[in-house]
Amino acid sequence: MAATDVLKPDHAGARRHFIFTEEHEQLRESIRAFVVKELAPHAEEWEETTFPDRVFPRMGELGFLGLTYPEAYGGQGGDYYCALVLAEEMTHSDCGGLNMGIAVHTDMATPPIHLFGTEAQKQSYLVPAIRGEKIACLGITEPDAGSDVAAIKTRAVRAGGEYVINGAKTYITNGHRADFIVLVTKTDPEAGYDGFTLFLVDMDLPGVIREKKLQKLGMHASDTALLAFQDVRVPESAVLGQVGKGFYHVMWELQGERMIGAAGCVAAAQRVFDRTLRYAQERHAFGRPISKLQVTRHKFAEMATKIETARQLNYTTAWRFANGEYPVREISMAKLYASRIAVEVADECIQIHGGAGYMKEYGVERVWRDLRLNRIGAGTDEVMLEVIGKSYGL
Ligand SMILES: Cc1cc2nc3c(=O)[nH]c(=O)nc-3n(C[C@H](O)[C@H](O)[C@H](O)COP(=O)(O)OP(=O)(O)OC[C@H]3O[C@@H](n4cnc5c(N)ncnc54)[C@H](O)[C@@H]3O)c2cc1C
């Protein structure tokens with residue numbers, strides 16, 4: 001650029017973020033095309049019925065359930081950013097519950113099998129999960145222990161060549177439809193953080209009881225279960241990872257889960273922002289579009305700044321994570337900030353819509369109800385603040 005050129009602001013710059021390549025953009029387009037064509041048209045229906053199991057084999061067929069897993073297991077062998085692309089593009093379904101059900105399968109329940117599983121476990125669980133033939137869920141939370149994971153009571157007791165599992169799990173996404181659960185148990189209550197063990201448990205085993213489908217504020221397209229485990233006998237080969245290391249395994253899993261959740265929050269916030277922008281440009285009050293009111297303009301400016309800040313934090317943190325670092329503090333910040341601003345943006349979008357924002361027809365209230373979960377699930381705001389605060393030695 002010559003010194004004499006007039007510099008104009010480049011508001012519409014199309015340059016993609018440096019973590020993404022042309023291949024990621026092609027993947028983005030193909031996921032979006034599928035989501036818009038095959039999932040989004042059912043969003044209303046699935047709010048009533050929950051989404052059907054057949055979405056899993058269909059997405060498996062398209063390769064979307066194994067984007068980051070090795071080709072040897074039927075995956076696509078992609079990098080970590082492919083998982084972000086999936087989380088972002090799924091928001092085009094306008095169906096938060098569906099997106100959560102898929103994310104639990106792809107980015108919460110199956111990563112521990114890939115990282116810690118034996119070859120036999122990968123063949124029995126990961127391979128069919130990538131094909132969408134087996135549906136996965138993850139059981140951490142219990143009726144008496146959520147944030148305080150170390151307080152869980154589900155026990156796995158060794159008896160001969162088996163383990164006998166007793167306990168309960170609640171709020172389990174996919175719990176009613178799942179073929180197997182990655183289950184967090186205590187194997188040695190005296191051993192503190194070294195007394196936890198993960199198990200791969202088939203959900204059709206005797207003693208696994210799917211108690212009730214829980215009714216929720218949002219995410220209606222997902223199923224959420226209360227589960228009981230009564231004298232469930234599993235072989236030693238059902239241990240996932242190391243006996244006694246389950247707490248650390250699950251803390252690792254939560255980091256990936258939080259990054260994916262943060263990516264979904266930013267994408268959903270951007271989507272409701274875009275939709276509301278169009279609405280504000282069309283809706284008139286006092287003789288002009290409401291978008292021309294300074295107060296509305298400032299609301300959009302505030303929202304855009306928050307969304308962009310969250311996005312940059314997510315991408316930079318994902319870049320560190322993908323390059324082998326374990327940036328727990330920044331992941332916690334990204335999860336906390338993205339969850340909060342997504343809820344704030346959805347709330348402001350309801351306000352800009354006025355009465356229409358309160359009506360189901362416009363779908364904005366549903367975005368707010370769905371996003372509200374993110375300040376609770378995968379670690380509450382307060383837990384994220386604890387992790388961040390403690391990381392400074394406080
Ligand atoms: C729709 C939905 C789907 C879910 N899916 C799953 C799933 O698939 N698998 C699964 O295992 N779990 C799942 N969860 C559970 C979710 O992760 C927990 O609800 C969450 O971790 C909070 O635990 P809790 O509900 O027991 O709340 P509590 O731990 O009882 O917390 C209650 C309040 O106390 C605060 N608090 C707790 N400890 C502290 C502290 N040390 N400092 C400050 N404040 C604190 C919390 O922030 C919160 O505000 C799901 C939850 C929902 C609602």
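Modeller: For residue classes, Ala, Val, Leu, Ile, Met, Phe, Trp, Tyr, Cys and Pro count as nonpolar, Asp, Glu, Lys and Arg as charged, and the others, Gly among them, as polar. This is a predicted model, where local features need pLDDT of at least 70 and side-chain atom pairs count only at pLDDT 80 or more, while totals for chains, interfaces and linings use all residues. Residues are numbered from 1 along each chain as its sequence is written, and side-chain values use heavy atoms, without hydrogens and water.

Colleague: How many cavities of 30 Å³ or more turn up in the whole structure?

Modeller: Two. A cavity here is a set of points on a 1 Å grid over the protein atoms alone where a 1.4 Å probe fits but cannot get out, and lining residues have an atom within 4 Å of a point. Points are joined across faces, edges and corners, and the volume is the space filled by probe spheres set on them.

Colleague: What lines the largest cavity?

Modeller: Its lining includes Phe64, Tyr69, Leu86 and Asp107, and the space is about 50 Å³. Helices H4 (80-90) and H5 (96-109) each give two or more residues; helices are DSSP runs of H or I, at least four residues, numbered from the N terminus.

Colleague: And which residues line the second largest cavity?

Modeller: Leu84, Glu88, Ala263, Val266, Arg311, Asn314 and Tyr315, around about 40 Å³ of space. H9 gives the largest share, three residues.

Colleague: What's that lining like by class?

Modeller: Four nonpolar, one polar and two charged residues.

Notes
1 Å grid on protein atoms, 1.4 Å probe; cavity = no way out; pocket = protein on both sides within 12 Å on 5 of 7 lines; lining within 4 Å.
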